[in-house]
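Hi,

Here is the structure I said I would pass on.

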Amino acid sequence: MRAPTARQEGLGARLWRAWDSDIAWSFRHSPVAIAAALVVTILLLGAAFASLIAPQNAFDAASLNLMDGFTRPGEASATGRVFLLGSDDQGRDVFSAILYGSRVSLLVGFASVIFSIAIGVTLGLISGYLGGRTDAVIMRVADIQLSFPAILIALLVFGVARGLIAPQYHENAAIGVLIVAIGLSNWAAYARTVRGSTLVEKNKDYVMSARVMGRPAFAIMGQHVLPNVIGPVLVIATINLALAIIAESTLSFLGVGVPPTQPSLGTLIRVGQQFLFSGEWWILFYPALDLVLLALSINLLGDWLRDALNPKLR
Amino acid sequence: MIAYILRSLAQAIVVMLAVALIAFSMFRFVGDPVANMVGQEASMAEREELAQRLGLNDPFPLQFAHFVRDLARGEFGMSYRQGRPVKDLLIERVPATIELALLSSAFALVFGIALGVYTAIKRRGLMANAVMSLSLIGVSLPTFLIGIGLIYLFAVELRWLPSFGRGEVTRLGWWTTGLLTDSGRKSLIMPVLTLGFFQLTLIMRLVRAEMLEALRTDYIKFARARGIPERSISFRHALRNTMIPVVTIAGLQFGSVIAFAIVTETVFQWPGLGALFIQAVQFVDIPVMAAYLMFVALVFVLTNLGVDLLYFALDPRLRGATAAPAR
């Protein structure tokens, strides 16, 4: 005999339950969270459907016309084209460049967060569940990661990876290397949190009974403990997503991120900076605005999520 | 007391050795040091001779021992890219970075404490809330955008401040400073603001939280009951007790300030260590990367050590106990 599970409910009932849940209630009553979620959704959709929305394939050199260069936002260029947010030195539409650029930024952001969650949660579970010397070693390494600034770790990983990968592959590998570099500089927060909750969970009866039934340690960690310790990870992940996007743009701005052929928001800002002194502010301003809006809304969502999941803090 | 100092010292040395091992592995296993130093057309004999001279044919533990010995003497080898000793490059650039980092920390401390106290006392005030909201936006604003924004405002639009470089610097022995000339001081303003901003928000939030905590305690209530003026309560009684954690965090953050200077130095083309490190990363100049890593680790270890000893001096409870202070 099994108790009725969510699977047996109708779709309507499930939707109602989701709408009626505490989190949804708190969301409906937080204008800041709604606004932030709206901004994030718009920016995400814009990035996802860049190829449909963008008036121009910004990184197909054939579609660019040098005659269109340095057109002010909303004005007509020498060839009579109008650019919503202006054009850069090569006649590239800034609006299209932002859509394609935020796609790269978001890809690196999400992928590096997933990468650090994978490392951090695995190490945290092992550390908390096994304890002893394994725990001591893992936590010491986590201490080191936490005490060095993330940007320094990411730069070192990036530099080392560049040394290990043959120069002709640098461009293709750049995004992968960035994801690993940013991921490796942010996993310790997850490991610490998961370890803490695992220490609590592992003494509970359900873990004991799983052990008595003879389940292997890794199955207990993965199937029984993991679902019960994953909650706080989501909060850290949201805030880390903003950090990862900022880290990516910083690295790209420093010239060690993605190559100019696949620019991210940071690369666009780096390029735009050259034209600041000659008065073409829009090349820099709009990508920067997009980046700040993205980071700020994700941060606000993270703040809201933390409070919503943790009513004690209010 | 002596046991405590010795233990702190031993920990510091272990950390330094661990970082040295990372630096050494980078040096030894990333790319081919010889290929990095000679041109394309060097003969095998020339390559072999260089490998011999660099000691690359020795066994691993011996190489590491030599590496540590050289580090202790401040010898980091030759830069692959510039062909000069890394030591000279470091000495040339250390003053710019240290000056920037010290002034930024001072700026962050002064304004962070002032704003923290203000927002704690006027907790419900309009200005205080505005400052708190601004600090949240500030956290979402990448450092390089703050720098670019300042450049646009003060260098491009208003033309008050120079947008790059250190201006005119004065030599004091091997040290160089921009503080003694007008153009040097002007050049410092924007980089200091940019680098100090993040620390400022951090310190401000910390001071605010600690102050709110302190203002709730009984000795503050008692001070109020005694009729001591509010100003005196805030600054002489409450603030004094928030200083230990604040100074600790500010001290421990100094290493991060130096590391974050990488971004600020790039934005303002500041001729410091961070700019050197970025070039090294771009060109896989491993000796420079390794030296920078060691430098940052040294700063971290020294500030940690300093804070440990400071705790000892500040907190009489530790003197009797043998346990290390909880951080």
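**Notes on chain B, then a helix pair in chain A**

Gly77(B) sits in the loop of chain B that runs between α4 (60–72) and α5 (86–121). Helices (H or I, at least four residues) and strands (E, at least two) are DSSP runs here, numbered from the N terminus. Before you read on: this is a predicted model, where local features need pLDDT of at least 70, side-chain atom pairs count only at pLDDT 80 or more, and totals for chains, interfaces and linings use all residues. Residues are numbered from 1 along each chain as its sequence is written, while chains are lettered from A and ligands numbered from 1 in the order in which they are written.

Back to that glycine. Gly77(B) counts as buried because it has 20 C-beta neighbours inside 10 Å. The cut-offs: buried is 20 or more other C-beta atoms within 10 Å of a residue's own, exposed is 12 or fewer, and partly exposed is in between, with C-beta atoms placed from the backbone. Neighbours within four places in sequence aside, Gly77(B) is in contact with Val86(B) and Pro287(B) (contact: C-beta atoms, placed from the backbone, within 7 Å). Ala290(B) is 213 residues away from Gly77(B) in sequence, yet their C-alpha atoms are 9.9 Å apart.

As for chain B overall, it has 14 helices and 2 strands, and 35% of its 327 residues count as buried. Among its contacts between residues at least 6 apart in sequence, 68% join residues at least 24 apart. Along the principal axes, the C-alpha atoms of chain B fill a box of roughly 85 × 60 × 35 Å.

Which non-glycine residues have a positive phi? Arg159(B) has one of about 55 degrees, and Gln269(B) one of about 45 degrees. Arg159(B) lies in the loop between α7 (143–157) and β1 (170–172) and is exposed, since 9 other C-beta atoms lie within 10 Å. Gln269(B) is in the loop between α11 (254–267) and α12 (273–282); with 13 such atoms, Gln269(B) is partly exposed.

Over in chain A, helices α7 (residues 150–164) and α8 (residues 170–184) pack at about 145 degrees, axes 9 Å apart. Axes are lines fitted to C-alpha atoms, for helices over the stretch in contact, and angles run from 0 to 180 degrees between N-to-C directions. Residues that meet there include Val157(A) and Phe158(A) from α7(A), and Val177(A) and Val180(A) from α8(A).

Cheers

Technical notes:
Contact = placed C-beta atoms within 7 Å.
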